Amino acid sequence: MSENPDLTNERASGTFETNAMAAVIYGSEKFAQRRREITEAISKIPEFQDSHPLVFMSREEKISEACRKLAVLSNYWNSLIDTSDEEEALHLYREVLGLEGHPLALHETMFIPSLIAQASDEQQEKWLGRAQRREIIGCYAQTEMGHGTNLRALETTATFDISTREFILNSPTITSLKWWPGALGKSANWSIVIANLIIKEHNYGPHPFMVQLRDEKSHEPLPGITVGDIGPKMAFNGADNGFLGFKNYRIPRENMLMRHSKVTSDGSYIKPPHAKIGYSSMVKVRSRMAMDQGLFLASALVIAVRYSAVRRQGYLEDKSREVKVLDYQTQQHRLFPSIARAYAFIFCGFETIRLYDQLLIDVQNGNTSGMADLHALTSGLKSVVTYQTGEGIEQARMACGGHGYSMASYISEIYGVAIGGCTYEGENMVMLLQLARYLVKSIEMIQNGKSRELGPMVAYLAENESEIDLNLGPNEYLKVFEYAARNQTWRATEKFQKLRNSGMSNEEAWNQASVELTRASRLHTRLYIMSTFINHVGSIVDQKVKGVLIDLLNVHVTYEVMDIGIYVQGLLSSNQMDLIRNQLYVSLETIRPNAVSLVDSFQISDMQLRSVLGRRDGNVYENLFKWAKSSPLNKTDVLPSVTQYLKPMMEKSKL
Ligand SMILES: CCCCCCCC/C=C\CCCCCCCCCCCCCC(=O)SCCNC(=O)CCNC(=O)[C@H](O)C(C)(C)COP(=O)(O)OP(=O)(O)OC[C@H]1O[C@@H](n2cnc3c(N)ncnc32)[C@H](O)[C@@H]1OP(=O)(O)O
Ligand SMILES: Cc1cc2nc3c(=O)[nH]c(=O)nc-3n(C[C@H](O)[C@H](O)[C@H](O)COP(=O)(O)OP(=O)(O)OC[C@H]3O[C@@H](n4cnc5c(N)ncnc54)[C@H](O)[C@@H]3O)c2cc1C
């Protein structure tokens, strides 16, 4: 069937090449091209297609379908991608497995990265190759039923037995059961387990251990291990998140990951070079989350924008034909700022991935000085992007009206997966408060006359801006944001200090200032996102692409400043706010002809999108009908439930 002419016209009105834009989105022409090649190659392999729509499957079927595809993937892995390239591998996973989770997700995202960052050279020699070849499947078991956030309160113990040179693992209480780890439930046979290291009755706190859970031949749990699946979740139902308990389960001393902390055979403990070095796997995932969430948001927007260009409802001036709903200003206001955010998140993602890779090298060379900065940055970024992604996806769903609520749109699945990110890798409020610690310390440095020692990301806290030139360009908007973030950070810090100076304990003062502190963290992070977006656009060479991205940046900066209006009241007059509001409306109109091309440029395939509404060809209605007809409920005209219950009820009512 040919393409819906409404989408053809939209594509014709685009002022730039989508391949050129994809090269900017994905960091290089080479990688954008590789993505297309991988997608093309996969589309020719029938075994990679869903056996039937995932949304009609039970959880067991989803997991089985994911495993089937993983097994097929293992036959093609080396021929489809450069296996040393993480981005190619992730693209392949996304295309084939989609976003509902699968039994190798944690193996790739946390198990292998933990071995790389935490295992000694000898340990890597023993396990890393096996893990990379997928001879073993691993997971990352840290969270317990009773504690996820407060790692210092984890209860699982690894007690060193000097006589046998083994660790004895125990789960002393019901709340100490490991709870949540992906792939633990049914698939993984090994795990990195985070347990309190105990030597001669002294607790050295949480440390990582390499633990075999299941027999490598029979896959049965090993004696001393209780393991299973935690049941269905809001999303991620292609993954078997699990529980795990230990009863006097022994592992050799060599199974504690000893790149940084060490226990010698006589039970001596050697401290790591930085107390939080064991948290590196979390920082790794957090550093990727801006990219991943940007792509979740992008997926929802591809669906909503394409659908809005084929959905016609109501009239503007021309009463002879209904308009595309994308022409309504309210629809544009709902969707376009999110397109800008998706671009901005992906640009930030590239930056934080690069920073993590550099930090990993530095730490391996003994330099841990960058850890605090990256921890603070990724803590804030993870929190802001997951929240805003959730907001943007939900708006995209509503922008699709009734059909958005159907699983045919697939938006609810994207939403469920994306907002999991508000919780995993550190609950958002908690992570905002981690960044707040860093911001408060920065203010204290200024108060102590040490402004010159501030890092570049917080140097603005020491500046003083009270007037803005309203010939507003992106850099002036940045100044507005700096003003808001600086003011809020000072206000929150001063509130905390005042409470503390009044005699309150440090902890209670912190608690009572914490809402204000989280607000400071959000503003600081949004400032970082805006400045990364501006810098990125500044570096683009292709003039057509640059022109459109400047338009998109205008949507971003005007929308973001309107959104934080309450924080800039002391700086901007109501006339200035009106001016900005009008600039936003103008920028929505400017971006309108490029809206479809901007979402096409994400180059997310139909196979990955799984959305009837978001199909590239725009043939929504005929496929919606086809999709509904494929519902298992439509296999028969009369359901047993009707015969068994409703018919007798209706008959009885007739009497
Ligand atoms: C060929 C194939 C290749 C394929 C390649 C694929 C690779 C792919 C890689 C990644 C892909 C990612 C894709 C993601 C897709 C989605 C998949 C979904 C999977 C879901 C995964 C979910 C997994 C989990 O959730 S694991 C569990 C996570 N748990 C948490 O995050 C717990 C949160 N809690 C904490 O982190 C901590 O408890 C804390 C930080 C809140 C507090 O810790 P604490 O009590 O020990 O410390 P304090 O608060 O007292 O602070 C003291 C001091 O320490 C500083 N600090 C804390 N943390 C750090 C750190 N990490 N680094 C540096 N410094 C740190 C803190 O700032 C304080 O400093 P002060 O100076 O203020 O004292
Ligand atoms: C989809 C998914 C996948 C996961 N995968 C894994 C995995 O593979 N491995 C693994 O180990 N874990 C995994 N987890 C667990 C996850 O990391 C934790 O659930 C997460 O870190 C939050 O911890 P919690 O559940 O203890 O929340 P809680 O800390 O109990 O949060 C409850 C509330 O308390 C608040 N709160 C808690 N502490 C503070 C504080 N200090 N200050 C202010 N407010 C506070 C929070 O903000 C929140 O509002 C996964 C979770 C999900 C949802």
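Reply: Before the classes are used, Ala, Val, Leu, Ile, Met, Phe, Trp, Tyr, Cys and Pro count as nonpolar, Asp, Glu, Lys and Arg as charged, and the others, Gly among them, as polar. This is a predicted model, in which local features need pLDDT of at least 70 and side-chain atom pairs count only at pLDDT 80 or more, while totals for chains, interfaces and linings use all residues. Residues are numbered from 1 along each chain as its sequence is written, and chains are lettered from A and ligands numbered from 1 in the order in which they are written.

Me: How many charged residues does the shell around ligand 2 have?
Reply: The residues around ligand 2 number 21, and Gln 142, Thr 143, Gly 148, Thr 149 and Trp 180 come nearest; a residue is near a molecule if its C-beta atom, placed from the backbone, lies within 6 Å of it. By class, this shell has 10 nonpolar and 10 polar residues, and the number of charged residues is 1.

Me: Which element gives the most to the shell around ligand 2?
Reply: Helices (H or I, at least four residues) and strands (E, at least two) are DSSP runs, numbered from the N terminus. Strand E1 (138–141) and helix H13 each supply at least two residues of the shell around ligand 2. With 3 residues, the element that gives the most is H13.

Me: Where is Thr 143 found?
Reply: UniProt, in an unreviewed entry, places the feature "binding site" at Thr 143 and Gly 182, and these two cluster in space although they are spread over 40 residues of sequence, the largest C-alpha distance being 10.8 Å. UniProt positions are given in the numbering used here, feature names are shortened, and annotations may be inferred rather than shown by experiment. As for its place in the fold, Thr 143 lies in the loop between E1 and E2.

Me: Which helix gives the most to the shell around ligand 1?
Reply: Ligand 1 is surrounded by 33 residues, with Ala 89, Tyr 279, His 375, Tyr 424 and Gly 426 the closest, and by class the shell has 14 nonpolar, 11 polar and 8 charged residues. Helices H5 (86–97), H6 (105–118), H8 (280–310), H10 (371–399) and H13 (428–447) each supply at least two of its residues. The helix that gives the most, with 5 residues, is H8.

Me: What is the order of the strands in the open sheet that holds E7?
Reply: Two strands pair if DSSP finds at least two bridges between them. E7 is joined by 5 bridges to the antiparallel strand E8 (residues 242–246), and Val 227 stands opposite Leu 244 in E8. Strand E4 (178–179) and strand E7 (225–229) are the edge strands, each pairing on one side only. The 3 strands, paired antiparallel, therefore come in the order E4-E8-E7.

Me: Which residue in E3 is the bridge partner of Phe 160?
Reply: Strand E2 (residues 157–161) and strand E3 (residues 166–170) run antiparallel and are joined by 5 bridges. They form a hairpin with 4 residues between them, and Arg 165 in the turn has a positive phi of about 55 degrees. In E3, the partner of Phe 160 is Phe 167.

Me: At what angle do H9 and H17 pack?
Reply: By class, the contact of H9 with H17 has 9 nonpolar, 1 polar and no charged residues. Helix H9 (residues 329–364) and helix H17 (residues 543–563) have axes 9 Å apart, where axes are lines fitted to C-alpha atoms, for helices over the stretch in contact, and angles run from 0 to 180 degrees between N-to-C directions. The angle at which they pack is about 105 degrees.
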